[in-house]
Amino acid sequence: MTSPFAPLDWTVVALYLALLAATGWASSRRAARSAGDYFLAGRSVPAWLAAISVLATTQSAATFLGAPDNSFRGDLSYLGVVLASIAAALVVAHMLIPRFYAMRVSTVYELLEARFDRRAMRSAGAMFLIGRVFSDGARVYLAGIALSMIAFSRIDAASVLLACAGLVAASLVFTFRGGLKSVIWNDFVQFVIYAGSAVAVLVFLRASIPLDTGDLVAALRTAPGGVDKLRLFDVSTDLARPFTVLAMISGLLLLNIANAGLDQDTTQRLLASPDARTGARGLILSALVSVPVIAVFVAIGLLLHIYYERPDLMGVDRAAASSFAGEKVTIFMHYILTQLPAGLRGLVSVGVAAAAVSTVTSSLNSLSSVLVSDFYRPWREKRGAVPDRHFVMAGRWGMAGFALALFAAASVSLVWQRHSDMPLLEFALQVMIFAYAGLLGVYFVALFTRRGTAPSAIGGMIGGFATVLLLQPFLLGPGGFAFPYQLVIGTIVSAAITAIPRGKHVTAARARD
């Protein structure tokens, strides 16, 4: 493997840190004066900026490293299922966002307080807190692996955890003072770096392949074994495959609905817009822009297939290692470690860091928002009035606490992923569905039926979580259900439990009142 960073790489990293510091200073010169400013940026975020912020939040280091690996081993089917995110954005934009704005909520879980009672709202908030800590902890861990490999040329536990700690600490510094406004402008910078570094690698990789476009397409159409690497839709009915058309119209659609409409980490940006129409437009725009962004990473994987597995076309036989220091490594990471020149390797490592920092800053603010708005504020106001700035300070302390929690979750993920055979992209998505299953079932019952009570809603959340847990390979055995189908089953169980007792349906008019 190559040596650690060259001086030019460290120069790129230093410039990146200087840019982050400048962005953080510029976006937080005026400290947030109220909880509305701190958690919702004063509801002043335009649609284009909300779209980029949502995209930067959802495109993590797992996509950066996992999407190329997926297309290297398979085809374009992962890009094909991105259509599920567009359909989900349309559903959420027309059915949920207008309702959230009508109720003037700060978190999406306040809807359950109107439909059931405060116990249901707090249970949903708790489900989000637990699920988000573990899912973003997993993303921090995956980014920590990459940065440890690139910067230190080793991936022992100590090096990976050191990289994770650095990512979490940097994220906390850049969002601590300014709140969501700092997060959103930080997301903008991170997205430009993240996408720009991917495009730079794609251009460099394409220049190293001595084929014209026609020959390249033909080679991908007729890969060894008669495989068509350019197949966009996988019509298989195998329930162990996660990125098929069947998965797209079922579990992946549910996953994206949950992420766009029931996950405070995403919806917080949409609620920060001036009105429902602006928030809805931002969500739809983010889903549309995600297609070319993911296409870049998928294209990198296809070119890596030519680069490493078609010596007849490349004129040289290159061996692609599948491990590094005894641990598994994706094909893209192997390419970064062995083929990229100084400077570009630093830019790619900055791209991985940008993906991770954007995810963590968003997570810290949304986690603290739910903790303060749904738990701490109602408790504190019962004991007497306090200035609104009190809740800004509470939000900052909440973010500091969640920074420690994310690092702990990254440590747990290190043990979990190293003892599983799951690819990085599937691992990151798998962690997310534990909380989503329960939330989806409860919200479907709350929005579309007159059934359910607070106790049954709580039972539904627990039932959805437990169902997904029982469907895990370490309990069910190999060859079971892929994560989209686990989500479908968990959602059905959650909805069934929630709908057992009769309840009262809250109309849109009552919600506005």
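**A friendly first look at the chain**

Reader: Hi! What does the accessible surface of the protein chain come to?

Author: The total is about 19200 Å², and carbon and sulfur atoms hold 67% of that surface. Areas here follow the Shrake-Rupley method with a 1.4 Å probe, and for residues only the protein chains shown count as cover. This is a predicted model, where local features need pLDDT of at least 70 and side-chain atom pairs count only at pLDDT 80 or more, while totals for chains, interfaces and linings use all residues. Residues are numbered from 1 along each chain as its sequence is written, and side-chain values use heavy atoms, with hydrogens and water left out.

Reader: Thanks! How many helices and strands does the chain have?

Author: There are 25 helices and 2 strands. Both are DSSP runs numbered from the N terminus: H or I with at least four residues for helices, E with at least two for strands.

Reader: And what share of the residues is buried?

Author: Of the 513 residues, 58% are buried. Buried is under 20% relative accessible area, exposed is over 50%, and partly exposed lies in between (1.4 Å probe, protein chains only).

Reader: What share of the contacts joins residues 24 or more positions apart?

Author: Such pairs supply 84% of the contacts with a separation of 6 or more. A contact is heavy atoms within 4.5 Å.

Reader: New topic: which residues form the nonpolar patch on the surface?

Author: Trp48, Trp185, Leu285, Leu288 and Val289 do, with about 430 Å² of accessible area together. Patch members have over 30% relative accessible area and no salt bridge; nonpolar side chains (Val, Leu, Ile, Met, Phe, Trp, Tyr) are joined within 5 Å, and like charges within 9 Å. Helix α16 (residues 276–309) gives the largest share, 3 residues.

Reader: Where is the place of Trp48?

Author: Trp48 belongs to helix α3 (residues 47–58). With a relative accessible area of 41%, Trp48 is partly exposed.

Reader: Let's switch to packing. At what angle do α14 and α24 pack?

Author: Helix α14 (residues 251–262) and helix α24 (residues 483–498) meet at about 70 degrees, and their axes are 8 Å apart. That makes the two helices roughly perpendicular. On the α14 side, the contact involves Gly251, Leu252, Leu254 and Leu255; on the α24 side, Phe483, Pro484, Leu487, Val488 and Thr491. Axes are lines fitted to C-alpha atoms, for helices over the stretch in contact, and angles run from 0 to 180 degrees between N-to-C directions. Under 35 degrees counts as roughly parallel, over 145 as roughly antiparallel, 65 to 115 as roughly perpendicular and the rest as oblique.

Reader: Why is α14 largely enclosed by the rest of the structure?

Author: Because 10 of its 12 residues are buried. Among them are Ile257, Ala258 and Asn259.

Reader: How many salt bridges does a search of the whole structure find?

Author: The search finds 13. A salt bridge needs a side-chain nitrogen of Lys or Arg within 4 Å of a carboxyl oxygen of Asp or Glu. One of them pairs Asp187 with Arg269, the closest N and O atoms being 3.7 Å apart. This pair links distant parts of the chain, helix α11 (residues 180–207) and helix α15 (residues 264–271), 82 residues apart.

Reader: Are Asp187 and Arg269 buried or exposed?

Author: Asp187 is buried at 0% relative accessible area, and Arg269 is buried at 0% too. In another salt bridge, Arg310 and Asp312 meet at 3.0 Å, N to O. There, Arg310 is buried at 11%, whereas Asp312 is exposed at 55%.

Reader: Which residues are linked in a network of salt bridges?

Author: Asp75, Arg231, Asp234 and Arg241 are linked that way.
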